[in-house]
Amino acid sequence: MSTTKASRIGEELWKTRVDKINAELVTLTYGTIVAQLCQDYDSDYNEVNKQLDKMGYNIGMRLIEDFLAKSNVGRCANFRETADMIAKVGFKIFLNISPTVTNWTSDNNQFSLIFEENPLADFVELPDDGRAQDELWFSNIFCGVLRGALEMVQMQIEAHFVSDVLRGDDTTEMRVSLVRYIEDEMPPEEE
Amino acid sequence: MTSPGDAPPVKPPPSFSPTIPRVASKARYPEHHDSSPPLESDLVDPSISSTPSLPTATSELPIRSASPHARSLRSSTPQLARSTLVSPLDGRFDGSEDIRSLIIRSFSPAVGVYASEDTDNLVREKGFKHGFWELIRPFGENVPGKLVIRDSVGSSRGWEDYGVRFIDLAGRDWDIAGAGQESPGQVEEVLQRQLNSVFLDGPLTGPLRPKESVSYPLASPLYKLFLRRLLSAASATPHETFRHPVASVIAISSRNANPLESLRQLYADTSNGHRRLPDWAHPEYLRYYVLVHDEDRDDIAESTKLFDQMKRHFGLHCHLLRLRSSQCVSSDDDSVQTPLCEWLSPSEHLMGMGEKETLVDIDTDGPPYLFDSDVVAIKSLVRELVAQSVIPFMESRVAVWNDQVASRRRGISGRFMSMSRRWAGFGSSSRSSGISGGASGNYDTTRGFYKPDAPEAILRKMADFAFMLRDFKLAASTYELLRSDFGNDKAWRHHAGAHEMCAISTLLNPLPSPAKFKLEGIDQMIDTACYSYLTRCSDSTNALRCLTLAGELLKSRGGSATEDAARWTMRAMDQGLVGPVGQILFSERISACYASRTAPTGAKWGSRHRKAGMWSLLAADQWLKIGKPALASASLEEAERFYANVLDDGIFPMPEMQTFVDNLRHHVRVEYLESRGLDTGENQSAPLSSTVDTEETSEKLDKRNHRRSLMGLPAPLDPGGLALASPKGQGFDGNEDQPNDDFERA
Amino acid sequence: MSYYFTILSPSDAPLFNIAFGTSKSGGDGIARFRFPDSAQYMNQFVIHSSLDIVEEAQWMNGNMYLKHIDTYPPAAAYISAFLTPSGTRFLLLHQPPQPPSTSSTGGSSLLSSSFSGASSSRASSSSVAANPTSPQTEEAVRQFMNEVYENYVKTIMSPFYRQGMEIRSPVFRTKVTAAGRKWL
């Protein structure tokens, strides 16, 4: 499946199959969660990153069902196709954004998602305590979501942010690496 | 919570009015407390102050002793003005009318005094160096009893506070355009001197204590002194007639060998001799003949006979004044000290006729004493003179001029005349700008006045008469007529004066509904008056008077007018019309203006607490800068009170403000203690331990939040030292949640 | 023209403030107030005192932009106000430059700066920088306020910003500075 096809599917699904809710609501809700975590963990941002990842993982494991049900797409032929599916369909229908897939390694096992826009981070300014800028990955929930979702479709991956405009970087970039395909377990239902 | 009157420690001394503790003035000069006589001496004699007992001294710290409820009275009285506005001038002077009354009284008719040599000699024997004039002068300032005055429409009104200004015709130099002779600088000098003397002599024993029988602590005594001096400028000018004599007392004594001839000679002196008025003053005024009978040396039968003769010759305007010629000393049974003059001109004040000298040592240098019988006699002379001669004379002059001059101007033909005049004026000035600019030709441009019989001059005189008779409506409408005339004639000082007085008489004219009162016209007039005075005539004294009066009268109107009042007062400051002390007094005044603007009932907004607070703080800062920490602390206290309405816990939201206020408090306190000769070192706390109990009590009673911040500041003395409650302090604290109530009650 | 801009919470707590000068007609963007450097607290006092008027105006006027609401004549300081619907107040103190000739008032004290200053500079031109009460100024201030408001809304949406807290966002400060440069 080509990238453009993936984009078309994403676009189509966004228009027809997705119930929309107010973006600010999502933004504020997520922001509040992060802020609350920071408070609860006493600004231990590494711990906050971990918690966000864990929350994302739990979301991702469920979200994949919804995604597959809505999108009705088939199994991806390779990791490259998976990447396009994530960027052009997944992010599209859930957040109406399409991060750019780039920086593939030669073995096609690692890529980057460049987020030109990020609804979760709208309005956000990191606490100016001198540490948050270096330690907190505000949108770290994405990493968990991808990990959880892909695990459900037999891909063990590792994902982490490498830069974030909130920290003053030029781009917001997430690095995704395929660890392995989980062979011994079949997905529950498939076409 | 007890009412202020119930709290024993603050009960006013019996000599004060029954309901109003005059504690605010105490707060201003905190050294003085009726209940702590040792302190006074301690102040008067600096040598004692080197070893003051600390508890007394600290309890005297003005921050503590300033009484909150007195202050609330001060700030709530302006509302009284509004609630009683139905007849605000009806001789009822509750506090808010205090300043208003002062202003009205400052425009009292001038009555010349011209006594024969023998009369003056007789009076000199009694200890009055300046003769007969000096003797009766103070008594003219307050005519005993109620005076009934009829206005132009025939309705009568009684006044309790009427007075006349006796001026010395013999010693008078009618220099032309005498304005400028007394500069605002002199008023400032008076203030400076007063300030300095107050702190040497012990405060509030003299002129700083207002003399009004009922006096709410509305304005600071010093400010009132300022007002009185400003409004007392003695010199007569062509552009207004308030200082032109309305009447003249011509006096001879029973010692005179040739009485009737002397009277004639005195009259001649004043009408065409060397005592006649200058060209610009109307030469016709009432003569009042007084025969001073020497009770100690002369035969009353003789004098009575002579007096009958006088009456036959001179008609009704005669009086027989029976005085004792021997000097009275204070130890005599029926001795009465001569009252002090309230209305001294600044230069007189500076020449030492001020009352302050008398305070230093009353026995040697005070005003002479009089026998009670003399006082009664002089009072009845004054009453008869004013009630039966001066006022009827003025009433009839106003009626005549109104009929002959003013109504003609007001009528259709008058309007036409005024129109054609204006047209002609325009024509002539465009044709030949050299010729006295105006149309009437009545204005003498070179000498700067109208001939006294010119209609303009007569109208002005009539308006001034009406004003002095307190018929402000007639006065306002007459000034109104003149405004454009003077402008056309380019008689700028007259022009300024007419605008000024038109604005002021309009403001004084009681109106049923002040809310609907249009202030724009007033603003315009004040502005024009100031411009003419300042820019065209360089007359800063009158400009200052105009702005000050405008400010005070607008303030007394209440409502939004108070903000105009503040604005005009700022204008006076900005124009540099007042000196350093004046600036501070005006700052306090602006604060008072804003403080009198209160919120509509039930609303939380609409007041001007922050502005009032800010101006009080500025005043405090300035007091401190000129080295008057006691006054600074009074202002500071005032500011705290205003801010308490808007600040939570007395904390300023903005850090720089807080820092400024903290510093100010600290410095005020330190300098205050230093000025009292106190060591401000830390070791003072030991003797305080015994008083911890009282301190706690007062803390508990202290319900006002902002106090806390005041107490908590880091300073040489710990809070215990500060709060160290004299019974007085305690009493005040006990009442402290009341002021706010008072304040809100509008 | 020098500006002092403050954001106050509905309970008068200061959330943000910045001083800057005009960038129009050759201005260098640096504030030069008439108060001596040692008395910069006066800006805060003047602004604080104008809250009396703001409180009143906010009930009389349904608009967010309340225009020029108050003046502190001794220092020719003009206050314009903007109220957010939630009651946060934006207050802009603007002060025309001290005319060179004002020393005549002996202007040593804070209390004696200038009326004349205001009027003389008024005469010089009708540009924003010169006349604090002209319609052009009102409009410029309105634009400024609106732009700041937009940025303010975004700023307070930040999850790490708690209501009533001082706004320390450098982004916001930059934006306000930019708005000032653009409009004032």
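1. Apart from neighbours within four places in sequence, B:Val290 contacts B:Val249, B:Ile250, B:Ala251, B:His319, B:Leu321 and B:Leu381; two residues are in contact if their C-beta atoms, placed from the backbone, lie within 7 Å. This is a predicted model, in which local features need pLDDT of at least 70, side-chain atom pairs count only at pLDDT 80 or more, and totals for chains, interfaces and linings use all residues. Residues are numbered from 1 along each chain as its sequence is written, while chains are lettered from A in the order in which they are written.

2. B:Val290 is also among the residues with the most contacts inside the largest nonpolar core, which has 254 residues. Such a core is a set of buried Ala, Val, Leu, Ile, Met, Phe, Trp, Tyr and Cys residues joined through C-beta atoms within 7 Å, buried meaning that 20 or more other C-beta atoms lie within 10 Å of a residue's own. Helix 16 (residues 372-410) of chain B gives the most to this core, with 13 residues. The core lies between domain 1 (38-355 + 363-397) and domain 2 (598-746) of chain B, because both give residues to it.

3. Chain B and chain C meet through 22 residues of chain B and 24 residues of chain C. Helix 23 (561-574), helix 24 (580-595), helix 25 (609-625) and helix 27 (655-675) of chain B each supply at least two residues to the chain B side.

4. In helix 25 of chain B, B:His609, B:Arg610, B:Lys611 and B:Met614 meet C:Phe45, C:His48, C:Ser49, C:Leu51 and C:Asp52 in helix 1 of chain C.

5. The contact between chain C and chain A takes eight residues from chain C and eleven residues from chain A.

Notes:
A residue is buried if 20 or more other C-beta atoms lie within 10 Å of its own, exposed if 12 or fewer, and partly exposed in between; C-beta atoms are placed from the backbone. Helices (H or I, at least four residues) and strands (E, at least two) are DSSP runs, numbered from the N terminus. Domain bounds come from an automatic or database domain assignment.
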